[in-house]
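Welcome, and thanks for opening the viewer. Let's take a short walk through this chain, one selection at a time.

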Amino acid sequence: MKNEAAKQYLKRNKNLTTLNGKTPIRKDWTEKKLSEQELSAHNGNLGWVLGASDFVVDVDPKNGGKESYKKLIEDLSLELAPTVSTPSGGFHVYLSIPDEFKGKSFRKTLNKIYPGIDFLTKGTQCVISGSATDKGRYEWVDDLFDEFVQVPAPANLLELISYSTDVASTGNSELGDFDGIVGG
């Protein structure tokens, strides 16, 4: 396989898709599992299609992400380490979602509090290590081991970005029958 890092994702049963730059090529990329041969035949970037147990904190410095990440770490007393550095000077933190949080809905951003951070979960993808853009390469942060590492996400972080879609979730009686649908 051209992208040696891709083997590590596949070894851990992660679903990968072909990308044009950072954009999935296939329309059915969230459902279609590509074979190792299909992935090897692709000359461009690859993306990790996040499943129900996958969670990536994507920090982009151009939007203030590094400062927001420091604030997030301090606010929640987190001990998280970047997994992959991105060409923009940002990074991805690979986490897993514990069983008690599977099936919950998660916000993609909290821009008013933490601008420049995207919280990627099921239904999204992230460009993997070994891929490149005109700005540079996606590379493992730990260049000594160069490996896929996914640690359990702290409960307080998942609680911060999760929301409920059930009827009693917002408590805003002005929404009537739409209460719980609007908001998250």
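**First stop: the open sheet**

Begin by selecting strand E1, residues 15-20, together with E2: the two run antiparallel and are joined by 2 bridges. Zoom in on Asn-20, and you will find its bridge partner in E2, Thr-23. Before going on, keep in mind that you are looking at a predicted model.

Now widen the view to the open sheet, where 4 strands line up in the order E2-E1-E3-E9 with antiparallel pairing. Color strand E2 (23-24) and strand E9 (125-127): both stand at the edges with a single partner strand each, so one side of each has no neighbour in the sheet.

**Second stop: the cores**

Which residues have the most contacts inside the largest nonpolar core? Select Phe-55, Val-57, Tyr-69, Phe-119 and Leu-157 to see them; the core has 23 residues. Next, show the elements that give two or more residues to this core: strands E4 (54-59), E6 (91-96) and E8 (117-120), plus helices H3 (65-76) and H4 (155-161). H3 supplies the largest share, 4 residues.

Stay with Phe-55 and display its surroundings: among the residues that Phe-55 touches are Val-93, Leu-95, Phe-119, Leu-157 and Ile-161. Then pick Ala-5, Leu-19, Trp-48 and Leu-50, which belong to a second, separate core of 20 residues.

**Last stop: confidence**

Finally, color by pLDDT. The chain has a mean of 88, and 86% of its residues reach 70 or more. Over residues 167-184, though, the pLDDT is below 50, and this stretch has 18 contacts in the model beyond near neighbours in sequence. Where pLDDT is low, the predicted coordinates should not be read in detail.

Conventions
Residues are numbered from 1 along each chain as its sequence is written. This is a predicted model: local features need pLDDT of at least 70, side-chain atom pairs count only at pLDDT 80 or more; totals for chains, interfaces and linings use all residues. Side-chain values use heavy atoms; hydrogens and water are left out. A nonpolar core is a set of buried Ala, Val, Leu, Ile, Met, Phe, Trp, Tyr and Cys residues joined through side-chain atoms within 4.5 Å. Buried means under 20% relative accessible area, exposed over 50%, partly exposed in between (1.4 Å probe, protein chains only). Contact means heavy atoms within 4.5 Å. pLDDT is the predictor's confidence in each residue, from 0 to 100. Two strands pair if DSSP finds at least two bridges between them. Lists of a residue's contacts leave out its neighbours within four places in sequence.
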